[in-house]
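Open the model in your viewer and keep the sequence panel beside it. This tour goes stop by stop: select, look, move on.

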Amino acid sequence: MLLDTVRKTISEYGMLEKGDKVLCAVSGGADSICLLNVLLALKDEYNISLYVANVNHLIRGDEAKRDSDFEKEICRREQIECFYKEYDVPAISRERKMGEEECGRILRYEFFNEISEKLFGVKIATAHNLNDNAETILFRLARGSSASGLCGIKHVRGNIIRPLLDVTREEIEDYLKEHNLSWCEDSTNKLTYYNRNKLRHCVMPLLEE
């Protein structure tokens, strides 16, 4: 059961203590909606104060606005404070001379750090899962990473926690279907000119085969 796996991960890596403040990074996709739902389910058990952060990269136009509106409605319904910010990632990535994917990741964490200054002592929960970890290791391997870089995504890094890191993407989707939860599909996830998408859609299926 997914919740039991998450409880075990939280306990093994000391992710949560009673009374913690937790900022859940939510994009609207299956992984982050699952994470938010799991934290809501465990909220009373761990006596945590829960907040949500959402970033609009201004890449997908109306689709991105739809996703943000979807998350804001969840927060309104669950009475969770939602921190929202827009970044013009295409323009900023050109200015910084880096890819949109990497630029968006950096900007997200900059925003999370801004919120951390407001919510002193907050822990930031991201929805990385077991599949993400495998993809990250392969991506680093392909780039010629050192041995330390091949350890993959850490369960805990500073004030960042990853409660779903021992759960597969398939288990996440099964959990959402079982609990009748909807999520948003990001059309850019299918575009293989993004490095991680190329790895996910072209390389991983061959390895699984």
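Which residue forms a salt bridge with D67? Select R66: R66 is the partner, and the closest N and O atoms are 2.6 Å apart. A salt bridge here is a side-chain nitrogen of Lys or Arg within 4 Å of a carboxyl oxygen of Asp or Glu.

**Before you go on**

This is a predicted model, in which local features need pLDDT of at least 70 and side-chain atom pairs count only at pLDDT 80 or more, while totals for chains, interfaces and linings use all residues. Residues are numbered from 1 along each chain as its sequence is written, and side-chain values use heavy atoms, with hydrogens and water left out.

Colour by pLDDT, the predictor's confidence in each residue, from 0 to 100. The chain has a mean pLDDT of 89. In total, 92% of its residues reach 70 or more. Find strand β6 (residues 160-161), where confidence is highest, at 98. Then find helix α8 (residues 195-208), where confidence is lowest, at a mean of 75. Where pLDDT is low, the predicted coordinates should not be read in detail.

Helix and strand names follow DSSP runs, numbered from the N terminus: helices are H or I with at least four residues, strands are E with at least two.

**Stop 1: the salt bridges**

Go back to R66 and D67. Are they buried or exposed? R66 is partly exposed, at 39% relative accessibility. D67 is buried, at 3%. Buried means under 20% relative accessible area, exposed means over 50%, and partly exposed lies in between (1.4 Å probe, protein chains only).

Next, select R105 and E102. These side chains also meet in a salt bridge, at 2.9 Å from N to O. Both residues lie in helix α5 (residues 100-118). They are three residues apart, about one turn of the helix. R105 is partly exposed at 35% relative accessibility, and E102 is partly exposed at 36%. Elsewhere, salt bridges that share partners join R60, E63, R66 and D67 into one network. The structure holds twelve salt bridges.

**Stop 2: the sheet**

Switch to cartoon view. Six strands form an open sheet, in the order β3-β2-β1-β4-β6-β5, with mixed pairing. The edge strands are β3 (81-86) and β5 (156-157), each pairing on one side only. Two strands pair if DSSP finds at least two bridges between them. Strands of a sheet pair through backbone hydrogen bonds, either parallel or antiparallel.

Zoom in on β2 (residues 49-56) and β3. They run parallel, joined by six bridges. Pick V55: its bridge partner in β3 is K85.

Now show helix α3 (residues 62-78). Helix α3 lies across β2 and β3, running at about 170° to β2. The angle is taken between N-to-C directions, from 0 to 180 degrees, using axes fitted to C-alpha atoms, for helices over the stretch in contact. Contact means heavy atoms within 4.5 Å.

**Stop 3: A125**

Select A125, in strand β4. A125 is buried, with a relative accessible area of 0%. Leaving aside neighbours within four places in sequence, its contacts include V22, L35, L39 and P163.

**Stop 4: N129 and L130**

Select N129, in the loop between β4 (123-125) and α6 (130-142). N129 is buried, at 0% relative accessible area. A polar atom of its side chain lies 2.9 Å from the backbone nitrogen of N131. Not counting residues up to four places away in sequence, N129 touches D31, L164, L165, V167, R169 and I172.

Step on to L130, in helix α6. L130 is partly exposed, at 36%. Its C-alpha atom is 5.4 Å from that of V167, 37 residues apart along the chain.

**Stop 5: two positive phi angles**

Which loop holds N47? Look between α2 (30-46) and β2. N47 has a positive phi of about 55°, although it is not a glycine. Finish at Q79, in the loop between α3 and β3. Its phi is near 55°, also positive in a residue other than glycine. Q79 is exposed, at 74% relative accessibility.

How values were computed:
A polar contact is a pair of N or O atoms within 3.5 Å; within protein, one must be able to donate a hydrogen and the other to accept it, and residues adjacent in sequence count only if both atoms are side-chain atoms.
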